[in-house]
Amino acid sequence: MLFNSLSFVFIFLPISLACYYALIGVGLRKFIFAYLILASLVFYSVWNPPYTLLLIASIIGNYCCGFLIEKYRDSRTSRLALTLGVLANLGVLSWYKYANFFIDNANTLLGSDWTLTRVILPLGISFYTFVQIGYLVDVSRGTAEARRFTRYASFVLFFPQLVAGPIVQYKEMVPQLFGRNIGRFACGNIAVGFTIFAIGLFKKTVIATTADGFAAPIFQAAHAGQEIGLLAGWTAAVTYTIQVYFDFSGYSDMAIGVARMFGLRLPPNFHSPLRAASIIEYWRRWHMSLQRFIVSNMYQPILLPITRLAAKWRLGKWSTFVVTVALPMVVLFAVIGLWHGPAWTYVLFGTMHGTYLATNEYWRKRQQKRRRKEGQPGPRMVAVYRALTLLAVAFANVMFRAEAVIDGVRIWRGMLRVGSMSELAGALPLRPEDVVAKPLIGALAAIAIIALLPNTQQFMARYGPVLHWAKWRNVAPPRIALTWRPSLKWALMIAAIAFVAISFASSGQTQFIYVNF
Amino acid sequence: MSTTRYLGAMLLTILALSAVAVLLPHSTYVRYQSLNGTMFERTRYFYERLHFDPAPVDIIILGASRAAAGISSPHLEADLAKRGKNLRVVNLSLPAAAMDMNLVIAREALRERPDTRMMIVLLPDAFPRQGNAPFAELATNEDIFANPVPWDGEWLRALGRLPMRQMQLFARTHLPGAFGYTTRFDPALYPGTTVDRDALPGWKPPVPQEGYHTAAHKAVVDSQSALRHRLLSPPKLPPALSWLEYGASQAAARKLIQLCHEKHTRLIFVYVPYYKGPQEPREAAWLRTQAPLWVETSVSSDPSLYADSGHPSSLALPVLSAWLADRIAADLPPGAAAGVTSGGNR
């Protein structure tokens with residue numbers, strides 16, 4: 001079931017909320033976890049009931065691994081259980097996600113004719129696999145416990161984050177799920193949660209879906225082998241960048257909002273990444289829970305041995321930089337690119353971002369001394385950096401969206417046809433109907449929202465919208481500072497936003513981009 | 001403001017906005033174009049035939065794809081003419097149409113053409129349990145609100161979609177060019193007064209690759225028929241609860257009967273089974289108490305008369321047309337409705 005479906009908005013959500021607070025109301029608080037597990041399984045099984053068994057098996061398997069890791073802590077058995085657990089998770093993920101990809105590529109390389117029945121990708125497998133790998137690592141580090149199965153199952157299954165994140169940690173969810181505050185301040189939490197949910201739904205159904213209407217035909221044309229012009233190329237890059245941001249940040253808002261209606265806070269997933277003035281900053285604020293996972297479970301574990309190796313080899317300053325920063329970043333991001341899906345477009349997208357990051361780190365190191373002397377860059381330079389970051393992101397997004405590498409190249413070629421600048425005049429809305437038929441006005445409106453307005457967390461800042469909010473409270477403040485509070489003005493505004501968002505949702509449900517991963 | 005009041009104010013605002021949206025006016029012609037690009041695209045033609053074509057409408061055919069494939073207006077008009085009845089026939093069948101959709105189209109047709117003499121409704125093998133998907137796009141507010149079936153998914157979908165649909169239709173009516181719509185009838189694009197079944201856009205009757213008189217074709221339709229028979233599941237609830245199981249169809253059928261009665265239009269139910277299908281529709285007993293039920297089963301054992309198990313082939317057109325013309329000619333009083341031919345074929 002998806003958050004933007006009418007059956008979720010009008011049936012599942014109200015019923016699950018009503019039963020939840022009714023259980024608390026009649027003093028059955030201790031059964032809340034069982035209820036949440038059941039509701040989450042119903043939520044998940046609507047998509048494909050047999051795959052719910054895979055999810056359950058995965059949870060049982062990981063719990064057993066966690067149990068062994070904790071029981072035999074600091075022993076060989078514990079390390080073995082951790083290794084086996086991580087490998088088993090990656091094995092299942094690889095089978096469902098990459099088996100066909102590897103066989104297709106092997107056939108191309110070897111000229112063989114191996115076939116495999118097309119495997120259906122289980123919904124949310126990339127996310128719940130990462131959540132559980134993170135859990136095993138946390139148990140081995142002693143930051144998570146493996147005692148009660150019900151606690152573990154509630155933590156993994158909690159439906160708002162189950163399908164597409166944010167990728168949560170045991171230590172931040174279980175104290176909330178089993179704490180004493182569960183069910184308190186119901187009206188306040190529902191008001192805050194619904195407001196966040198409505199904003200997310202609006203982002204998805206109104207902005208992202210509209211942007212898709214302009215981007216998709218151009219990507220389809222590129223896939224059909226058509227040459228792409230300058231205007232079409234830039235339209236594709238800009239509208240898809242708008243789409244993917246509002247789609248995924250909208251989804252995250254909805255997840256955070258739904259969790260809040262149940263009285264729980266999730267970690268943030270976006271913090272105005274498109275206002276970032278560097279790629280490093282961009283990745284700190286884009287899909288933040290994935291970045292936290294990468295840093296904690298992938299980057300940090302490889303950094304120490306590599307640094308030791310660089311010291312052992314007595315590498316120079318820049319060689320050390322290449323070995324300890326640039327290379328790991330490019331490789332890690334290529335892997336993260338592949339995590340998005342079994343396609344070379346994703347690998348290229350990841351490699352591009354890895355290269356961007358390495359370049360950005362290099363630039364930052366070079367600028368360090370200068371900045372110490374001359375201070376931080378002025379507003380003009382920051383504007384230039386922002387433009388450059390957006391440009392780099394938009395270029396990479398073209399490959400992220402393309403169905404094949406050659407499609408992305410066709411669109412890039414179109415974007416670089418500087419000889420046909422006169423085409424750009426075609427973007428101007430000259431007739432009243434062009435306001436909706438052409439993307440310019442809509443794109444400018446979306447850019448204004450990104451550039452000027454507070455993000456959802458900033459808008460809800462008074463009510464602690466997400467976990468770890470103190471860390472982000474003062475980052476990237478908006479030009480127009482709007483903050484929500486329960487007032488008539490905001491009731492009318494949010495109701496209008498919810499009405500439009502639900503109306504757009506009723507036109508036909510569209511998939512979330514990240515749900516496919 | 002307390003959060004409880006905040007939530008209440010939001011709820012009221014959403015309801016108020018929904019009510020305003022539902023009341024937004026629009027062009028019905030634009031609404032009948034909203035299925036363009038889908039298998040239901042022929043609805044635009046329905047509207048144009050009813051509203052812009054001056055030729056009279058004497059007989060309306062309603063039904064689903066079996067009616068769209070099996071009843072040819074030119075054939076039927078010619079057969080009626082041979083029997084001394086110059087009547088104009090319009091086939092307003094829509095693929096997959098359930099009773100709710102038949103009612104929507106019948107209402108529009110009789111609103112514009114109240115002098116229609118006969119409404120022929122080709123029945124499904126059994127009433128569908130659910131309404132029809134294009135109902136949400138084509139139904140008027142009255143169709144939706146006057147016929148509430150809250151346990152029917154399609155009715156709920158239509159209700160949920162209504163505010164957005166009305167806003168879209170409002171925008172399309174006022175900025176038709178931006179959305180690829182038109183508010184002006186273009187005679188050059190009009191398919192004609194009496195058009196054959198293949199001339200309309202959208203869904204087309206199937207044509208078997210293997211030919212009609214081959215053993216391969218017989219094998220295909222035999223297996224399809226067996227599958228169709230298995231899928232024709234008996235009622236799941238006892239007869240006393242059939243209003244729950246078949247509520248959408250039953251309610252729409254009753255309204256359709258009532259509508260024809262009010263407009264003094266002769267209502268006829270017709271049943272043509274699928275290949276090797278049942279001898280009469282499941283609801284035959286009740287339907288016979290409401291209007292005449294004409295059943296043609298002689299075609300149902302000949303595989304060459306079916307393009308697939310559910311749809312009559314082009315070879316069946318003359319057979320069904322002659323059979324129907326006989327019945328209509330016998331049913332209508334002598335000398336009734338000498339059709340005016342001002343529109344003519346285009």
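**Exercise 1. The interface between the chains**

How many residue pairs are in polar contact between chain A and chain B? Characterise the side of chain A that touches chain B.

*Solution.* The structure is a predicted model.

Step 1. Two residue pairs are in polar contact between chain A and chain B, both at pLDDT 80 or more.

Step 2. Helix 9 (186-223), helix 17 (434-437) and helix 21 (488-505) of chain A each supply at least two residues of the side that touches chain B. Helix 21 of chain A gives the most to that side, with 11 residues.

Step 3. Sorted by class, the side of chain A that touches chain B has 20 nonpolar, six polar and one charged residues.

Step 4. The count of salt bridges between chain A and chain B is zero. In terms of contacts, 27 residues of chain A meet 22 residues of chain B. The area buried between the two chains is about 2,000 Å², and carbon and sulfur atoms give 80% of that area.

**Exercise 2. Two helices of chain A**

Compare the end-to-end length of helix 21 of chain A with its expected value, and do likewise for helix 10 of chain A. Then describe the burial of helix 10 and of helix 21.

*Solution.* Step 1. Helix 21 of chain A has 18 residues and reaches 25 Å from its first C-alpha to its last, close to the 26 Å expected at 1.5 Å a residue.

Step 1. Helix 10 of chain A (residues 230-261) has 32 residues, which should span 46 Å at 1.5 Å a residue; the C-alpha atoms at its ends are 46 Å apart, in agreement.

Step 2. Of the 32 residues of helix 10 of chain A, 28 are buried, so this helix is largely enclosed by the rest of the structure. Helix 10 is followed by Gly263(A), which has a positive phi near 85 degrees.

Step 3. Among the buried residues of helix 21 of chain A are Trp490(A), Ile494(A), Phe499(A) and Ile502(A). The buried residues of helix 21 pack against helix 1 (6-25), helix 9 and helix 19 (456-459) of chain A, and also against helix 1 (3-22) and helix 9 (153-174) of chain B.

**Exercise 3. Salt bridges**

Which residue forms a salt bridge with Asp253(A)? Locate both partners, and then treat the pairs of Lys438(A) and Glu137(B).

*Solution.* Step 1. Over all chains, the count comes to 28 salt bridges.

Step 1. The partner of Asp253(A) is Lys203(A), with the closest N and O atoms 2.7 Å apart. Asp253(A) lies in helix 10 and Lys203(A) in helix 9 of chain A, so that distant parts of the chain, 50 residues apart, are linked. Asp253(A) is buried at a relative accessible area of 4%, and Lys203(A) is buried at 9%.

Step 2. Lys438(A) forms a salt bridge with Asp434(A), the closest N and O atoms being 3.8 Å apart; this distance is within the 4 Å cut-off. Lys438(A) is partly exposed, with a relative accessible area of 24%, whereas Asp434(A) is buried, with 3%.

Step 3. In chain B, the side chains of Glu137(B) and Arg161(B) meet in a salt bridge of 2.6 Å, N to O. Because Glu137(B) lies in helix 7 (residues 135-138) and Arg161(B) in helix 9 of chain B, the pair ties together parts that are 24 residues apart in sequence. Glu137(B) and Arg161(B) are both buried.

Step 4. A network of salt bridges links Glu70(A), Arg73(A), Glu145(A) and Arg147(A).

**Exercise 4. The surroundings of a glycine**

Which residues are in contact with Gly354(A), leaving aside its neighbours within four places in sequence?

*Solution.* Step 1. Gly354(A) lies in helix 14 (residues 344-374) of chain A, and with 0% relative accessibility it counts as buried.

Step 1. The contacts of Gly354(A), with those sequence neighbours left aside, are Met329(A), Val330(A) and Phe333(A). Gly354(A) and Ala334(A) are 20 residues apart in sequence, and their C-alpha atoms are 7.0 Å apart in space.

Key: Residues are numbered from 1 along each chain as its sequence is written. Chains are lettered from A and ligands numbered from 1 in the order in which they are written. This is a predicted model: local features need pLDDT of at least 70, side-chain atom pairs count only at pLDDT 80 or more; totals for chains, interfaces and linings use all residues. Side-chain values use heavy atoms; hydrogens and water are left out. Contact means heavy atoms within 4.5 Å. Buried area is the accessible area (1.4 Å probe) that two parts lose on being put together, summed over both. A polar contact is a pair of N or O atoms within 3.5 Å; within protein, one must be able to donate a hydrogen and the other to accept it, and residues adjacent in sequence count only if both atoms are side-chain atoms. Helices (H or I, at least four residues) and strands (E, at least two) are DSSP runs, numbered from the N terminus. Ala, Val, Leu, Ile, Met, Phe, Trp, Tyr, Cys and Pro count as nonpolar, Asp, Glu, Lys and Arg as charged, and the others, Gly among them, as polar. Buried means under 20% relative accessible area, exposed over 50%, partly exposed in between (1.4 Å probe, protein chains only). The expected span of a helix is 1.5 Å times one less than its number of residues.
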